[in-house]
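Hi,

Here is the structure I promised to pass on. Have a look at it first, and then read on for what turned up when I went through it.

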Amino acid sequence: MARPSLFQRATVTRIVKESVDARTFVLAPHDGPISYIAGQFCTFKVTVDGTELYRAYSMSSAPETDGELMTTVKRVPGGAVSNWMHDNLGEGDEVEVTRAAGRFCLRETDVPLLGFSGGSGITPILSLAKSALATTNRSVRLLCADRDADSVIFDTALKELAQKYPGRLEVIRHLDSTAGFLDAEAIKTFVGADGHGDSYICGPEAFMEMIELALPGPGLVHSERFGAAAPIPGETVEATPDTVVTAPVQSPSPTEAAVALGDVNITLKRKKKSVPRKEGETLLESARRAGFTPPFSCEAGNCATCMAKVTAGHATMRANQALTDDEVDDGYVLTCQAVPDSESITVDYDQ
Ligand SMILES: Cc1cc2nc3c(=O)[nH]c(=O)nc-3n(C[C@H](O)[C@H](O)[C@H](O)COP(=O)(O)OP(=O)(O)OC[C@H]3O[C@@H](n4cnc5c(N)ncnc54)[C@H](O)[C@@H]3O)c2cc1C
Ligand code: FES
């Protein structure tokens, strides 16, 4: 099988200023519409000062309600890509984007949707809200925290949605500048005594942890971490009164037990390098140790930016939320998650 095409070019057709430091980039992918589910993200490849960088950006559009593909990017102080996009991307420019990925998505249910956003975390939550309002009878209640009034994103869009779906969308705004940081009491008050609903949380890490702990349950809790690390197999990564997410454990390969340490042979951009295999090291880490600058973004098994093909040997992925079964059968791995369990292994980023 030919290498599954991961990146495609897309033209920025429109740029919308959403707040002092957030812009929506409307994209027209060259190979036709990107198929996605509300709440998913694409990974962007951009070249900043001669270096290729990869970053994930969630869709603020929803497939059921928007004809255009939109991502909304907030400047991160000192951040390479977010600032480059704000300062350099203009209408008519091109970027490279992956197919959509991610599991921060709606399930089939009638229970209320409770959304908790901090700053740019509103992006996938707006997408989920649009989708739920358009395709179900669910009520949607959002608690949106922002630094100050100038930082608020999607105020008009959410007001328009509330008018379009009378009685079904409630948006509570919280400004740190006037009320300090949100706390557990505020979360419990927002959720109410019965805690009924599926919760979707996206924002800065401390904000998310506070809400995960404060949610009284019952109800499922979905969290999207903009800077998440990969869970360790079998380890419980998140526990709330009603949510326990455990990283999948893959069965050991026949060669896994106490294999000798051979070499990791890597091809990237037609250059070949080898390094001695190190126990427990991912293929991505080996490629870096070999002196390559391999592609990666989430390092959590979510985006497929680090995909490569194992052409000899065997590796087991700690997590895989991005490759299809067919791609895995064809030897593709997420190098950020794949740990060799054969003595030597050969991996090709170009195939
Ligand atoms: C699934 C997912 C979806 C996402 N969706 C969105 C979205 O919809 N909208 C959005 O705006 N963002 C989103 N993000 C976040 C986005 O991918 C980027 O992480 C974000 O834009 C910051 O990237 P950057 O290149 O600007 O910053 P980076 O260059 O990655 O820097 C991040 C921070 O680290 C600091 N830093 C960088 N290098 C160093 C160093 N050497 N020493 C010390 N500090 C350093 C920077 O100052 C900055 O504060 C998402 C992330 C994920 C994983
Ligand atoms: S870097 Fe995202 S799956 Fe590996």
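Which residue in strand 2 does Ala10 stand opposite? The residue is Pro29. Before going further, please keep in mind that this is a predicted model.

**The overall picture**

The protein chain has 351 residues, and 51% of them count as buried. Its secondary structure comes to eight helices and 20 strands. If you take the contacts between residues at least 6 apart in sequence, 65% of them join residues at least 24 apart.

**The antiparallel sheet**

Strand 1 covers residues 7-19 and strand 2 covers residues 22-29, and the two pair in the antiparallel sense over eight bridges. A hairpin of two residues takes the chain from strand 1 to strand 2.

Strand 1 also pairs with strand 6 (residues 94-98), again in the antiparallel sense, this time over five bridges. Two of the residue pairs can be picked out by eye: Arg9 has Glu96 of strand 6 as its bridge partner, and Thr11 has Glu94 of strand 6.

These strands belong to an open sheet of six, with antiparallel pairing and the order 4-3-6-1-2-5. At the edges are strand 4 and strand 5, each of which pairs on one side only. On average, neighbouring strands here are turned by 40 degrees against each other, direction ignored. Helix 1 (residues 80-88) packs on this sheet, where it touches strand 2, strand 3 (41-48), strand 4 and strand 5. The direction of helix 1 makes about 85 degrees with that of strand 4.

What is the order of the strands in the open sheet with parallel pairing? Five strands form it, and they run 9-8-7-10-11. Strand 9 (169-175) and strand 11 (221-224) each have a single partner strand, so one side of each is left without a neighbour in the sheet. Neighbouring strands are turned by 15 degrees against each other on average, with direction ignored.

Towards one end of that order, strand 10 (residues 198-202) pairs with strand 11 in the parallel sense over four bridges. If you want a pair to display there, Tyr200 stands opposite His222 in strand 11. Helix 6 (residues 205-214) lies across strand 7 (113-118), strand 8 (140-146), strand 10 and strand 11. Relative to strand 10, helix 6 runs at about 160 degrees.

**Around ligand 1**

Which residues come nearest to ligand 1? There are 20 residues around the ligand, and Arg55, Ala56, Tyr57, Val81 and Ser82 come nearest. Several backbone atoms also face oxygen atoms of the ligand. A polar backbone atom of Lys74 is 2.8 Å from an oxygen atom of ligand 1. For Pro77, a polar backbone atom is 3.0 Å from a ligand oxygen. At Ala80, a backbone N or O atom lies 2.9 Å from an oxygen atom of ligand 1.

You will find Asp66 in the loop between strand 4 (51-58) and strand 5 (69-74). Is Asp66 buried or exposed? Its relative accessible area is 19%, and the cut-off for buried is under 20%, so Asp66 counts as buried.

The side chain of Asp66 makes a polar contact with the side chain of Thr65 at 3.1 Å, and another with the side chain of Lys130 at 3.0 Å. Leaving out residues up to four places away in sequence, Asp66 touches Ser61 and Lys130.

**Cysteines**

How many disulfides does the structure hold? The number is zero. Two cysteines to look at are Cys105 and Cys144. Cys105 has 13% relative accessibility, and because buried means under 20%, Cys105 counts as buried. Cys144 is buried too, with a relative accessible area of 1%.

Happy browsing, and do write back with any questions.

Best wishes

Conventions
Residues numbered from 1 in each chain as written. Chains lettered and ligands numbered in written order. Predicted model: local features only at pLDDT ≥ 70, side-chain atom pairs only at ≥ 80, totals over all residues. Heavy atoms only, no water. Pairing = 2+ DSSP bridges. Axes fitted to C-alpha atoms, helices over the stretch in contact; angles between N-to-C directions. Contact = heavy atoms within 4.5 Å. Disulfide = S-S within 2.5 Å. Buried < 20%, exposed > 50% of the residue type's maximum accessible area, 1.4 Å probe, protein only. Near = heavy atom within 4 Å. Polar contact = N/O pair within 3.5 Å; in protein donor to acceptor, adjacent residues only side chain to side chain.
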